[in-house]
Amino acid sequence: MKRIVLVALCGLLGACSGGDQGELRQWMADNSANLRGNIPPLPQVKPYEPVPYDVEGSLDPFNSAKIEPEARNKQLPGQTGPDFEARELRNSLLEKYPIESLKMIGYMNVNNRPLAVIQVDNKVKQIRVGDYIGLDFGMVTRITDKGVELSEMIQDSAGDWSERTSSLYLQSKEGSNK
């Protein structure tokens, strides 16, 4: 049985390979006779025209205050920024941690003044409006029973200072059995 199938298969393959395939060769010749590539010409190259560099009224890109890291802590004339010396004098624990690592765990209202209870590294501190927290000179502007709003000073890549607002929300312990 296997021999019969093998002989039939060889015969079938032999029949397919035979023949002169004239029709196929004629079709290929007809269709490739007028075949030519159509490549558009290259565009004209324009001559180089240098642009003059005008330094009048421009910032100096090599200003050392914008390059050196220690110069970032000093203010340039006419530039507003945070007061580094005041931060050193305050020496607040909460200014040594990024805002992301601080947790608001409580809210109190003492003598009609709101206080927030902040936890960091198993230490608990109370803050009020006007206190500073976080690494970005964050000053507490508002305390509610839901969170703390901050006004922070951040420095961009050019060395300029800008103000942004951030929030620290009350952390709840819902779902815990403690």
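Modeller: Let us begin with R164, which counts as partly exposed because its relative accessibility is 35%; on this scale buried means under 20% relative accessible area, exposed means over 50%, and partly exposed lies in between, with a 1.4 Å probe and protein chains only. Please keep in mind that this is a predicted model, in which local features need pLDDT of at least 70 and side-chain atom pairs count only at pLDDT 80 or more, while totals for chains, interfaces and linings use all residues. Residues are numbered from 1 along each chain as its sequence is written, and side-chain values use heavy atoms, with hydrogens and water left out.

The side chain of R164 meets that of E152 in a salt bridge, at 2.9 Å from N to O, the term standing for a side-chain nitrogen of Lys or Arg within 4 Å of a carboxyl oxygen of Asp or Glu. This pair links distant parts of the chain, since E152 belongs to strand β6 and R164 to strand β7, 12 residues apart; strands here are DSSP runs of E with at least two residues, helices are runs of H or I with at least four, and both are numbered from the N terminus. E152 has a relative accessible area of 1% and is therefore buried. Salt bridges with shared partners join E152, R164 and D136 into one network.

D136 forms its salt bridge with R164, and the closest N and O atoms are 3.1 Å apart. Because D136 lies in the loop between β4 (132-133) and β5 (138-143) while R164 is in strand β7, the pair ties together parts that are 28 residues apart in sequence. D136, at 28% relative accessibility, counts as partly exposed.

A search of the whole structure finds three salt bridges, and one of them joins R142 to E149, with 3.3 Å between the closest N and O atoms. R142 is partly exposed, its relative accessible area being 45%, and E149 is partly exposed as well, at 34%.

The strands named so far belong to an open sheet of four strands in the order β4-β5-β6-β7, with antiparallel pairing. Its edge strands are β4 and β7, each of which pairs on one side only, where pairing requires that DSSP finds at least two bridges between two strands. In general, strands of a sheet pair through backbone hydrogen bonds, either parallel or antiparallel.

E95 itself is placed in the loop between α4 (84-90) and β1 (103-110), and with a relative accessible area of 5% E95 is buried.
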